[in-house]
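Please keep the structure open while going through them.

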Amino acid sequence: MWYKKELPDQINNRDLDKLTAYIGHSYSDMNLVGQYENAVDILINQIIKEKHRVDTIAHPLLYLMRHSIELGIKENIKYLKKYSKLPFSKNKTHALSDLFSEFEKHYNKIAIENNFETELKEEYTKYTSDLKDVINALGEDASSFRYIYSTDEKKVFDNVETINV
């Protein structure tokens, strides 16, 4: 493909060392959230820098975005669960809206019990409103961006659908 580039013939040891992934140094899923976010930022910046169309990597890029949100919500629920004492009943799902509803249950219980619901309402609403918009844009189907067709063999996205990355 026209945008594929060959690795350089000569790579110095320092650059070779940078290609070694110390995957055992990740100790939490929150660390993975950061790595997914870094990957998204690197890819978007590279697309802009090289003046490529995002379509060349749209599905993998959007998958990374969706998965980082999924992991982030799950990690936040795990954290809040310690204080809400509620069960994490949706931990096996990939449905972002279900996970977000679960997150809100935990957050709301803590906010009400600790009397900061009103104090943080405006800021909470701003951030969660933006997140809800992103969740809506990324879709409900767990197959989103991983496959063209869902498990029931329906096309995940219509031909005319677009997403502004």
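1. Two residues are said to touch, or to be in contact, when heavy atoms of theirs lie within 4.5 Å. With that in mind, and remembering that this is a predicted model, Ile57 touches Leu43 and Ile47, once residues up to four places away in sequence are left out of the count. Ile57 itself is found in the loop between helix H2 (29–49) and H3, and its C-alpha atom is separated by 8.9 Å from that of Ile47, which is 10 residues apart from it along the chain.

2. Helix H4 runs over residues 96–113, and its 18 residues reach 26 Å from the first C-alpha to the last, close to the 26 Å expected at 1.5 Å a residue. Just after H4, Asn115 takes a positive phi of about 55 degrees.

3. The buried residues of H4 include Leu96, Leu99, Phe100, Ile110 and Ala111, and among them are also Glu102, Glu104 and His106. What covers the buried residues of this helix includes helix H3 (58–84) and helix H5 (117–138).

4. The structure holds six aromatic pairs. One of them is formed by Phe103 and Tyr107, which are stacked at 6.3 Å centre to centre, with 20 degrees between the planes. Both lie in helix H4, four residues apart, or about one turn of the helix, and both Phe103 and Tyr107 are buried. An α-helix has 3.6 residues a turn, so residues three or four places apart point the same way.

5. Phe103 and Tyr107 also belong to one aromatic cluster, together with Phe100, Phe116 and Tyr124. As a separate matter, Lys126 lies over the face of Tyr127, at 4.7 Å from the ring centre.

Technical notes: Residues are numbered from 1 along each chain as its sequence is written. This is a predicted model: local features need pLDDT of at least 70, side-chain atom pairs count only at pLDDT 80 or more; totals for chains, interfaces and linings use all residues. Side-chain values use heavy atoms; hydrogens and water are left out. Helices (H or I, at least four residues) and strands (E, at least two) are DSSP runs, numbered from the N terminus. The expected span of a helix is 1.5 Å times one less than its number of residues. Buried means under 20% relative accessible area, exposed over 50%, partly exposed in between (1.4 Å probe, protein chains only). Rings of Phe, Tyr and Trp (its six-membered ring) pair if their centres lie within 6.5 Å; planes under 30 degrees apart count as stacked, over 60 as edge-to-face and the rest as tilted. A charge sits over a ring if NZ of Lys or CZ of Arg is within 6 Å of the ring centre and within 35 degrees of the ring normal.
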